[in-house]
Amino acid sequence: PPLTALNGQGARFCKAEVHPEEITGTFCIPVRDKRKTRSSFCYTLRPNALILVDDTGIAAACLEKIRTSKRWKSPSSGRFFYDFLEALTTGDVIHLEELENRIAKLETAVLSGTLEDFNHKMLPLRKEVMDLTHYYTQLEELGAEMEENETGVLNRDEVRLFHLFGDRMGRLREETQMLREYSMQVREVYQSQIDLRQNKIMKILTVVTTLFLPLTLVAGWYGMNFDMPEFSSPFGYPAVILLSAVILSLCVWLMKKKKFW
């Protein structure tokens, strides 16, 4: 079909708007790989033409894939647009698998206790997964809008193809939702590890405080400003030291017996 590629305009959503003689809409591609910002472009689908408005290079890359891999017995603008959408989402399953592997590595690091800056590494992943969820939801709705074919731009076979496209986007959306839940579970595991560390620290502080509490009592007793009988005895201080050692040993023995540590 005739094809016109122009400099694109910005867009924030993937959508399709039905008009009497054409379907127009926009694409907004989430951040991926080396791209640091979202990429967007526009399109217009007519019975005999597909017009793309793009200055990002994404549409041109998809057209190159189609040129080198597709051959049609009965070319049409609707079939060409379907092939364009297919080329646009090629490799998305592999990208989702890579995201899952990255989350799994974070989970392994959390469980091994070797992970540093967990939130700094997890937040970008969660944001990317959330953006992909919205992206596939919008593409699923776009496929449903094309399947309705209110203006009759598409034939029966093309309507069937866009039904298949909508189903595929629905499966990708479900996959990203599973990744989102997985990332939340890893975050909960990380929080539980933090809680365990804090509990261990508090347990150690409690044990130390308990061990030295009787000795603090003895120190307070002998710090009073009046004479005690054992002050005049040469065995007074050794006896106090021995008593303190016995008390400390008894406390340690009791705590081990009660499995406080």
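1. Helix axes are here lines fitted to C-alpha atoms over the stretch in contact, and angles between N-to-C directions run from 0 to 180 degrees. In this predicted model, helix H1 (residues 58–69) packs against helix H2 (residues 77–88) at an angle of about 110°, and their axes lie 9 Å apart. Angles of 65 to 115 degrees count as roughly perpendicular, and H1 is therefore roughly perpendicular to H2.

2. On the H1 side, the contact is made by Ile58, Ala59, Cys62, Leu63, Lys65 and Ile66, while H2 contributes Phe80, Asp83, Phe84, Ala87 and Leu88. Sorted by class, the contact of H1 with H2 comprises nine nonpolar and two charged residues, with no polar ones.

3. Within helix H1, glutamate 64 and arginine 67 are three residues apart, about one turn of the helix, and their side chains meet in a salt bridge with an N to O distance of 2.6 Å. Across the whole structure, a search finds eight salt bridges.

How values were computed:
Residues are numbered from 1 along each chain as its sequence is written. This is a predicted model: local features need pLDDT of at least 70, side-chain atom pairs count only at pLDDT 80 or more; totals for chains, interfaces and linings use all residues. Side-chain values use heavy atoms; hydrogens and water are left out. Helices (H or I, at least four residues) and strands (E, at least two) are DSSP runs, numbered from the N terminus. Angles under 35 degrees count as roughly parallel, over 145 as roughly antiparallel, 65 to 115 as roughly perpendicular and the rest as oblique. Contact means heavy atoms within 4.5 Å. Ala, Val, Leu, Ile, Met, Phe, Trp, Tyr, Cys and Pro count as nonpolar, Asp, Glu, Lys and Arg as charged, and the others, Gly among them, as polar. A salt bridge is a side-chain nitrogen of Lys or Arg within 4 Å of a carboxyl oxygen of Asp or Glu.
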